[in-house]
Amino acid sequence: MKGEIRMKQKITYEEVKEVPIQSLSLVGEVNEWNKDANLFKKNDEGIWEIEMEFPKGKSLYKLVLNDEMTLNDPTANLYFPDAKEELMSVMLIDEETGKR
């Protein structure tokens, strides 16, 4: 959205042995649910991470694991059902401070 104030946020995800990760991305209102728009990268400590901008207010999103499985972000501010009653992760950016 043109002219909209956005705040950079870092999201991390720790891989578990039982579910090896080949790819991890973020889908949501922030990128029009495009699983190819925002890909995580694995850092030197083995943690998947991404830095991206979110608009102030509430943004619904999910993580996409290995291009097929969607899951909620365990570090999300909270979880909220979407219009289809599916539970979504919520990025909540304070309107005044711009902080998560």
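Is Lys56 buried, exposed or partly exposed, and what is its relative accessible area? Lys56 is partly exposed, with a relative accessible area of 26%; the term lies between buried, under 20% relative accessible area, and exposed, over 50%, as found with a 1.4 Å probe on protein chains only. The residue sits in the loop between β4 and β5 (57-65). Its C-alpha atom is separated by 12 Å from that of Glu29, 27 residues apart along the chain.

The model is predicted, so to speak of local features requires pLDDT of at least 70, side-chain atom pairs count only at pLDDT 80 or more, and totals for chains, interfaces and linings use all residues. Residues are numbered from 1 along each chain as its sequence is written, and side-chain values use heavy atoms, with hydrogens and water left out.

Turning to the strands (DSSP runs of E, at least two residues, numbered from the N terminus), an open sheet is formed by three of them in the order β1-β4-β3, with antiparallel pairing. Here, two strands pair if DSSP finds at least two bridges between them. The edges are β1 (6-14) and β3 (41-42), each of which pairs on one side only. Strand β3 runs antiparallel to β4 (residues 47-55), and two bridges join them. Within this pairing, Lys41 stands opposite Glu49 in β4.

Strands β7 (residues 78-81) and β8 (residues 87-93) run antiparallel and are joined by four bridges, and Tyr79 stands opposite Ser89 in β8.
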